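Reader: Please show me the structure. I would like to go through its helix contacts step by step.

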Amino acid sequence: MTAVRSLDDGHMARALELARLGLATTDPNPRVGCVIAAGERVIGEGWHRQAGGPHAEVLALEAAGAAARGATAYVTLEPCSHHGQTPPCADALVAAGVGRVVYAMRDPNPEVDGAGIARLAAAGIAVEGGVLEREALELNPGFVSRMTRGRPWVIVKLAASLDGATALPGGESRWITGEAARDDVQRLRARASAVMTGSGTVIADDPRLDVRIPGTVRQPLRVVLDSKLRTPPGARILGPPGQALVLCSDEDPLRAAPLRAAGAEVLAVGSSGGGVDLRAALAALAARQVNELLVECGAGLAGALLSAGLADELLLYIAPTLLGRGSRLLADLEAPATLAGRLQFTIVERQDVGDDLLLRLRPRH
């Protein structure tokens, strides 16, 4: 049994490696990889490249050909059982005559969630799940979040000095971190479904928030939270490439018209606490099939997301520098009455990025 599990782990690890090739291209679909193997011998591989294209199982079966009969299929996500843009993968596996299917995680999509497993089992195929499940979940946190919570996986990205400052008292912040960190942010944007900021950041910094990696085939949706529609129609975030969405509290037709003329979509989602209703905004983004939301913002929006418990991850680039007294805070938060009430995080990952340190953190709750 130990030898079989070791073999299963090895093939599933390869399937996960294949799935990661689609990090920046499969959106809004999940990243999925598949390996067809007969014992130790791999006879076919595939990974989902982009939405609307063949799924990983279909490509792996095509590569395996007739040798797939009686073999084992290793898939990072439960094979689908419904007709979407492509036929069900469970049916393709049955037709190919595979003898066994091993999957990492069940599909959280209510249209599948166990139905693919049931279809395979009904055809007499041995099915086993949960192999490297944690790694598979980490590969698709946004897809899982959208399907199970009705909102995207929210990643707040911030850059700060050693003393927790994001800008000098006058607002100057370019650049606290080095070029390697800024290049790394391009990678984050490339895998995100959407990149979001607040209108204050747009007015102060006029960011583009697009992906500038050569060969990029998909731009994330660029989102501005703007309760009173203060965004200038000439703001770079509204221009090409890609699409822009402005989320406001209550639509003012006079203010919305020039933003729409500039190419942006404007949507009112209601207000809360004097600003845009954050939970309604996230629900609206989920309705647009946004899986992973990267938030690049100032202290106000960062603090609001953290205070509301809506930040799933905090990506913090720390520069080896000090900005001193009066510099701008990382996040605008109410101080707790006691230390017991402070926000606490678990460090999930730490790595050097050029001269800077990157911490990936998650709230302990």
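**Helix packing**

Author: The axes of helix α3 (residues 89-96) and helix α4 (residues 115-122) come within 9 Å and cross at roughly 20°. Axes are lines fitted to C-alpha atoms, for helices over the stretch in contact, with angles from 0 to 180 degrees between N-to-C directions. Helices are DSSP runs (H or I, at least four residues), numbered from the N terminus. This is a predicted model: local features need pLDDT of at least 70, side-chain atom pairs count only at pLDDT 80 or more, and totals for chains, interfaces and linings use all residues. Residues are numbered from 1 along each chain as its sequence is written, and side-chain values use heavy atoms, without hydrogens and water.

Reader: Which orientation does α3 have to α4?

Author: Angles under 35 degrees count as roughly parallel, over 145 as roughly antiparallel, 65 to 115 as roughly perpendicular and the rest as oblique. The angle here is roughly 20°. Therefore α3 and α4 are roughly parallel.

Reader: Which residues of α2 meet α3?

Author: Helix α2 (residues 56-64) packs with α3 at about 20°, their axes 9 Å apart. Contact means heavy atoms within 4.5 Å. On the α3 side are Cys89, Ala92, Leu93 and Ala96; they meet, in α2, Glu57, Val58 and Leu61.

Reader: Which residue lies over the face of Trp47?

Author: A charge sits over a ring if NZ of Lys or CZ of Arg is within 6 Å of the ring centre and within 35 degrees of the ring normal. The distance from the ring centre is 4.4 Å, and the residue is Arg49.

Definitions and conventions: Helix = DSSP H or I, 4+ residues; strand = E, 2+ residues; numbered from the N terminus.
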